[in-house]
Amino acid sequence: MSRIGKKPIEIPGGVTVDITGNSITVTGKLGTNSLQIIDGVKVEIDNNSVCVKPAVEEKQNIAYQGLYRSLIFNMVYGVSTGFEKDLEIIGVGYRATQQGANIQFQLGYSHTILFEAPEGITLQVVDPTKIKITGIDKQKVGQVSANIRKLRPPEPYKGKGIRYKDEIVRKKAGKTGK
């Protein structure tokens, strides 16, 4: 049984949830998010909360119940509070500059890299070595931060590169001299 799927999702003030057919739309102060629901899951609104139930008690539908409950919870949280990821740039000469909605990176390559912000994502350079990524879609925020990190992942000898704020990079021992 899905323990997460059984929990109802409380709808905070200022957030509206609309269910039409197999589509659910969540609207809040930060924006609107929508999701298509498969046939094995039923979504109902009861007393200012959203309940997700399997249509038929089958193993796969119970698994989908927990999945869709988490997706709907993330949508409600995203339009009311929003998601954010913080990145740090470590390395001599490595820095980022704001170019409108985009970010330009200098990461030790012979050229600069211009990273364009996708729709629905806000990129902000807090310091030349700190970046904040915000948005209402948890998956999109995580994917954009992973794409930025992929530009120069942290290397294991000196730890230079782009990393998440609380990421721990295990360093290797270098060569020993004679």
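**Sheet and cores in a predicted model**

This predicted model has an open sheet of 3 strands in the order E1-E6-E5, with antiparallel pairing.

Me: Which strands stand at the edges of this sheet?
Reply: In the order E1-E6-E5, a strand at the edge has a single partner strand, so one side of it is left without a neighbour in the sheet. The strands in that position are E1 (9–10) and E5 (41–46).

Me: Over how many bridges do E5 and E6 pair?
Reply: E1 and E6 (residues 49–54) pair over 2 bridges, and Ile 9 there stands opposite Val 50. The hairpin of E5 and E6 has 2 residues between the strands, and Asn 47 takes a positive phi near 50°. The antiparallel pairing of E5 and E6 runs over 6 bridges.

Me: Which helix packs on the sheet?
Reply: The helix touches E1, E5 and E6. Its direction makes about 160° with that of E6. This is helix H2 (residues 59–80).

Me: How many residues does the largest nonpolar core have?
Reply: Residues with the most contacts inside this core include Ile 89, Phe 105 and Ile 148. Among the elements that give two or more residues to the core are strand E7 (83–90), strand E9 (102–106) and helix H3 (138–151). Phe 105 touches Ile 89 and Ile 148, among others. The count for the largest nonpolar core is 19 residues.

Me: How many residues are in the other core, which lies apart from it?
Reply: Val 15, Ile 37, Val 41 and Ile 136 are among its members. This core has 18 residues.

Methods
Residues are numbered from 1 along each chain as its sequence is written. This is a predicted model: local features need pLDDT of at least 70, side-chain atom pairs count only at pLDDT 80 or more; totals for chains, interfaces and linings use all residues. Side-chain values use heavy atoms; hydrogens and water are left out. Two strands pair if DSSP finds at least two bridges between them. Helices (H or I, at least four residues) and strands (E, at least two) are DSSP runs, numbered from the N terminus. Contact means heavy atoms within 4.5 Å. Axes are lines fitted to C-alpha atoms, for helices over the stretch in contact, and angles run from 0 to 180 degrees between N-to-C directions. A nonpolar core is a set of buried Ala, Val, Leu, Ile, Met, Phe, Trp, Tyr and Cys residues joined through side-chain atoms within 4.5 Å. Buried means under 20% relative accessible area, exposed over 50%, partly exposed in between (1.4 Å probe, protein chains only). Lists of a residue's contacts leave out its neighbours within four places in sequence.
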